[in-house]
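Please keep the sequence and the model at hand while reading.

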Amino acid sequence: MPDTLGKDIRALRLARGMTLDDLAGRVGRSTGWLSQVERDLSQPRMSDLRKIAEICEVPLSLLFGAPDAPERERGRVVRASARRRMGDPEQGLVETLISPDLTDSFEVIHSVFLPGSCCDALIRRPTQEVAYMVSGRLDIRLEGDAFTLEAGDSFRLREQSLHWSNPYDAPAVAVWVISPPVY
């Protein structure tokens, strides 16, 4: 597991407005135990990580998917081959964390929307987000208004609803800056 596991759990907890007591209680552990986990003094069991991921509504892989990096790069440099995977290709969206971890006031995500994929549910998060289209085309709805985005376009969300689809033959690639971190 990465040496930032505790810091990432803390960032996820804070981004969701939970206290140590709140999250510890929902996981079924003591506040002291969670405090030690967040300070990387104790390692949670896999069952604890599953509960934390479920409560924070993030994929389990986010909590332990970062490969080791040379000491001088940790927390500073993220190699393309070392990004943490978050999305589910079966859902048509593959996402990776570009940020070194979740300890900043924002996160940067690389998203690939596979051809023919769409999000069935409206997405609404308590965040501010900007997405930049790197390649491809993507259809989105922001609060019900429809837009088709192409490479070089960008858009912003401020706690607004989003629906996306890629009815095109090529993947659409976007880079997001999201504050506060939600993954």
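This is a predicted model: local features need pLDDT of at least 70, side-chain atom pairs count only at pLDDT 80 or more; totals for chains, interfaces and linings use all residues.

Which residue in E10 stands opposite cysteine 118? The residue is serine 165.

Several strands pair with E10. Strand E4, made of residues 117-118, pairs with E10 in the antiparallel sense over two bridges. Strand E5, residues 123-124, also runs antiparallel to E10 and is joined to E10 by two bridges. Here isoleucine 123 stands opposite leucine 162. Strand E7, residues 137-142, is another antiparallel partner, with four bridges to E10. The largest one has 42 residues, and the members that touch the most others are Ile9, Leu63, Phe113, Ile140, Phe155 and Trp176. Helix H4, residues 46-56, gives the largest share of this core, with five residues. What does isoleucine 9 contact, leaving aside its neighbours within four places in sequence? The residues in contact with isoleucine 9 are Leu23, Leu34, Val37, Glu38, Leu49, Ile52 and Leu63.

The aromatic rings come next. The count of aromatic pairs is two. One of them is formed by phenylalanine 113 and tryptophan 164, an edge-to-face pair with 4.8 Å centre to centre and 70° between the planes. The pair links distant parts of the chain, since phenylalanine 113 lies in strand E3 (residues 107-113) and tryptophan 164 in strand E10, 51 residues apart. Both phenylalanine 113 and tryptophan 164 are buried.

Why is the pair of phenylalanine 155 and tryptophan 176 edge-to-face? The ring centres are 5.4 Å apart and the planes stand at 85°, and planes over 60 degrees apart count as edge-to-face. This pair also links distant parts of the chain: phenylalanine 155 is in strand E9 (residues 154-158) and tryptophan 176 in strand E11 (residues 172-179), 21 residues apart. Phenylalanine 155 has a relative accessible area of 8% and is buried. Tryptophan 176, at 6% relative accessibility, counts as buried as well, because the limit for buried is under 20%.

Arginine 29 lies over the face of tryptophan 33, at 4.2 Å from the ring centre.

Note on methods. Residues are numbered from 1 along each chain as its sequence is written. Side-chain values use heavy atoms; hydrogens and water are left out. Two strands pair if DSSP finds at least two bridges between them. A nonpolar core is a set of buried Ala, Val, Leu, Ile, Met, Phe, Trp, Tyr and Cys residues joined through side-chain atoms within 4.5 Å. Buried means under 20% relative accessible area, exposed over 50%, partly exposed in between (1.4 Å probe, protein chains only). Contact means heavy atoms within 4.5 Å. Rings of Phe, Tyr and Trp (its six-membered ring) pair if their centres lie within 6.5 Å; planes under 30 degrees apart count as stacked, over 60 as edge-to-face and the rest as tilted. A charge sits over a ring if NZ of Lys or CZ of Arg is within 6 Å of the ring centre and within 35 degrees of the ring normal.
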